[in-house]
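I opened my notebook to go through one protein model. I wanted its pockets first, then the chain as a whole, then a few loop residues.

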Amino acid sequence: MSSSPEKKKKKLAEELPSTRQTNPTPSLPDELLTSCIARLSRLYYPTLSLVSKSFRSLLSSPELYKARSLSSRTETCIYLCLESSSDSRWFTLCRKPDKTVTKDDVSKNKKNNDDVSKKKSTSYVLSKLPALHSPPAVFSGLVSVGSDIYNIRSSSNVSVLDCRFHTWRKAPSLPVELMALSACAVDEKIYVAGIHGESLKNASKVLDARTQTWDHVVSIPCSLTRRGALNMRSVCIDGKPHVATDDGVVCYNSQEGKWELGEAKMGSFRFSDSYCEVENVLYSVCNGTLRWYDGEVNVWRSLEGLVGLPKFLPGVSVRLCDYGGNMVVVWDKNMLSSGQKKILCAEIALERRGVCEIWGGVEWIDHVLTVPIGYYIVKALSATV
């Protein structure tokens, strides 16, 4: 009895050499893959990390950031610190691809006289950093230098968030404990002003981020500000650290090694945490609107334009941050019915028009995060990565 056609096919297949491919298409060499990813904006890295474990490992490798540096692909990245009564959380701004444009988006764009056809189908979100044991933070003790964010606390502890690898490390502790401290950075040096815990006298220290050593800076003299000023806010203007107190503004002259009186009109920004410096101009929020100040004009003026940006109501937390010459504005909106809070973000393009005018153009506005209502915004910072 002859074999069935199926059995003949099976026997023939067993006798012939296997034609099945044993060598699948080889993956890209590691060096080439690293070079390709290094050319992408960091805004896309959180999405890429979802591809596989190997991608997550590559995105946090020293080789990738060496390649970014060699190809001059470093960029400004935004980080946001949120805190509740129980923990601190850190987020980074990233791009969410393939957003579906909804009818609400179209209506909103039409209301703002935007050309819907020119809108890109992407949006911004805040991506939570991998699980980290993040130390508590306060607005005035957070400052960025290069790719690092320093968290300086009154207990003298100093922690550093490495924004390349999203890891914490310890930095040299403050030589003395300072209360009501406030910090700002100038040329990779972090100037910290505060009150010595025991004597209640003004004290100043400077951390050289390159050498990781603390140096002594002459304290703010009582002739310029009273002893133990409890409300200090620091900012860098004209290449000098400025400290605003209840008694006025002082600035540190590093060439002469002494503190000097600054422009008193500048100091009104100290009443809130809604301020930042962008290209030597100080911006702050006052009565719900954005304003600016520089040494050339020596008076606070309203930021013009800002079509589409809301006026901030009393009680709304607003944080400002330099974004590579533009400004990022972050604010919150409580949703009491759900017990949650929206975090919203906008990018503002800044344009100087003559001496006395600066205009702000809203590049985009997005709802970037939703958190429990118990969280509040500590600070927004930029790092170069």
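This is a predicted model: local features need pLDDT of at least 70, side-chain atom pairs count only at pLDDT 80 or more; totals for chains, interfaces and linings use all residues.

**Entry 1: the second largest pocket.** I looked up the second largest pocket and found a volume of about 710 Å³. Of its 32 lining residues, Val143, Ser144, Glu277, Asp322 and Ser382 are the closest to the centre. A pocket here is an open set of points on a 1 Å grid over the protein atoms alone, with protein on both sides within 12 Å along at least five of seven lines; lining residues have an atom within 4 Å of a point. Grid points are joined across faces, edges and corners, and the volume is the space filled by probe spheres set on the points.

Residues are numbered from 1 along each chain as its sequence is written, and side-chain values use heavy atoms, with hydrogens and water left out.

**Entry 2: what lines it.** Which strand gives the most to this lining? β25 does, with six residues. Strands that each supply at least two lining residues include β4 (142-145), β8 (178-186) and β25 (376-384). Strands are DSSP runs (E, at least two residues), helices likewise (H or I, at least four), numbered from the N terminus.

I sorted the lining by type: 17 nonpolar, nine polar and six charged residues. Nonpolar covers Ala, Val, Leu, Ile, Met, Phe, Trp, Tyr, Cys and Pro; charged covers Asp, Glu, Lys and Arg; the others, Gly among them, are polar. Domain 2 (75-97 + 122-131 + 272-384) and domain 3 (135-269) each give at least three residues to this lining. The domain bounds come from an automatic or database assignment.

**Entry 3: the cavity.** I searched the whole structure and found one cavity of 30 Å³ or more. A cavity is a set of points where a 1.4 Å probe fits but cannot get out. The largest cavity holds about 30 Å³ of space. Ser41, Glu75, Cys77 and Tyr323 are among the residues lining it. Strand β1 (residues 76-83) gives the largest share, three residues. Where does the largest cavity lie? It lies between domain 1 (30-71) and domain 2, because both give residues to its lining.

**Entry 4: the whole chain.** I counted six helices and 25 strands in the protein chain.

**Entry 5: loop residues.** I turned to the loop between β8 and β9 (189-196), where I found aspartate 187. Its phi is near 50°, a positive value in a residue other than glycine. Most residues other than glycine have a negative phi. Glutamate 188 lies in that loop between β8 and β9 too, and its phi is near 65°, again positive.

Is aspartate 187 buried or exposed? Aspartate 187 is exposed (over 50%), with a relative accessible area of 65%.

Last, I checked phenylalanine 271, in the loop between β15 (258-261) and β16. It counts as exposed, at 60% relative accessibility. Phenylalanine 271 and cysteine 286 are 15 residues apart in sequence and 9.4 Å apart in space, C-alpha to C-alpha.

Technical notes. Buried means under 20% relative accessible area, exposed over 50%, partly exposed in between (1.4 Å probe, protein chains only).
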